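The sequence and the structure are shown first.

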Amino acid sequence: MPVPKRKRSRARRDSRFANKGLKLKAIAKCNQCSGPLMPHQACSGCGFYKGAKVMATKADRGVKRQEIRAKQKSKPQESSSESA
Ligand SMILES: [Zn+2]
């Protein structure tokens, strides 16, 4: 039967119970995408806060990155000739 090799220190043991008192205060609902949301914070899913777009989401950055790549593909000779 497996037995712990060492005694757990008091700090290590007590740190296990450190989060026991934490409670979930509130969860709001995003007006734009109706996803879960912390109050007074912008939605990480759609990037909206109080009905206005305030930040770029991961999906937005992906779209922008693809647009930049498409632009670079359309004119690859210019950049390569300058560097050589
Ligand atoms: Zn949202």
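## Loop residues with positive phi

Serine 34 is found in the loop between strand 1 and strand 2; strands (E, at least two residues) and helices (H or I, at least four) are DSSP runs, numbered from the N terminus. The model is a predicted one, in which local features need pLDDT of at least 70 and side-chain atom pairs count only at pLDDT 80 or more, while totals for chains, interfaces and linings use all residues. Residues are numbered from 1 along each chain as its sequence is written, and side-chain values use heavy atoms, with hydrogens and water left out.

The phi angle of serine 34 is near 55 degrees, a positive value in a residue other than glycine. Serine 34 counts as partly exposed because its relative accessibility is 46%; buried means under 20% relative accessible area, exposed over 50%, and partly exposed in between (1.4 Å probe, protein chains only). Histidine 40, in the loop between strand 2 and strand 3, also is not a glycine and has a positive phi of about 65 degrees. With a relative accessibility of 73%, histidine 40 counts as exposed.

## The zinc site

Four cysteines supply the protein donors of the zinc ion through their SG atoms: Cys30, Cys33, Cys43 and Cys46, at 2.2 to 2.3 Å from the ion. Donors are N, O and S atoms within 2.8 Å of the metal (3.2 Å for Na, K and Ca); water is not among the atoms, so sites may look incomplete. The angles among the 4 donor atoms are 107 to 116 degrees, and the site is tetrahedral; four donors count as such if all angles lie between 85 and 135 degrees. The ideal angle for four tetrahedral donors is 109.5 degrees.

Along the sequence, the donor residues follow the spacing C-x2-C-x9-C-x2-C. Distant parts of the chain are linked by cysteine 30, in the loop between strand 1 (28–29) and strand 2 (36–37), and cysteine 46, in the loop between strand 2 and strand 3 (48–49), the two being 16 residues apart. Cysteine 30 and cysteine 46 are both buried.

## Leucine 37 and its surroundings

Leucine 37 has its place in strand 2 and counts as buried because its relative accessibility is 17%. Not counting residues up to four places away in sequence, leucine 37 touches Ile27, Ala28, Lys29, Cys30, Ala42 and Cys43; contact means heavy atoms within 4.5 Å. Two of these residues, Cys30 and Cys43, are zinc donors.

Methionine 38 lies in the loop between strand 2 and strand 3 and is partly exposed at 45% relative accessibility. Alanine 26, in the loop between helix 1 (10–16) and strand 1, is in contact with Met38 and Pro39, leaving aside its neighbours within four places in sequence. Alanine 26 is partly exposed, with a relative accessible area of 37%.

## The largest pocket

The largest pocket holds about 180 Å³ of space. A pocket is an open set of points on a 1 Å grid over the protein atoms alone, with protein on both sides within 12 Å along at least five of seven lines; lining residues have an atom within 4 Å of a point. Of the 14 lining residues, Lys29, Cys30, Asn31, Leu37 and Lys50 are the closest to the centre of the pocket. Strand 1 and strand 3 are the elements that give two or more residues to this lining.

Notes:
Tetrahedral: all angles 85-135°; square planar, octahedral: opposite > 155°, others 65-115°. 1 Å grid on protein atoms, 1.4 Å probe; cavity = no way out; pocket = protein on both sides within 12 Å on 5 of 7 lines; lining within 4 Å. Points joined across faces, edges and corners; volume = space filled by probe spheres on them.
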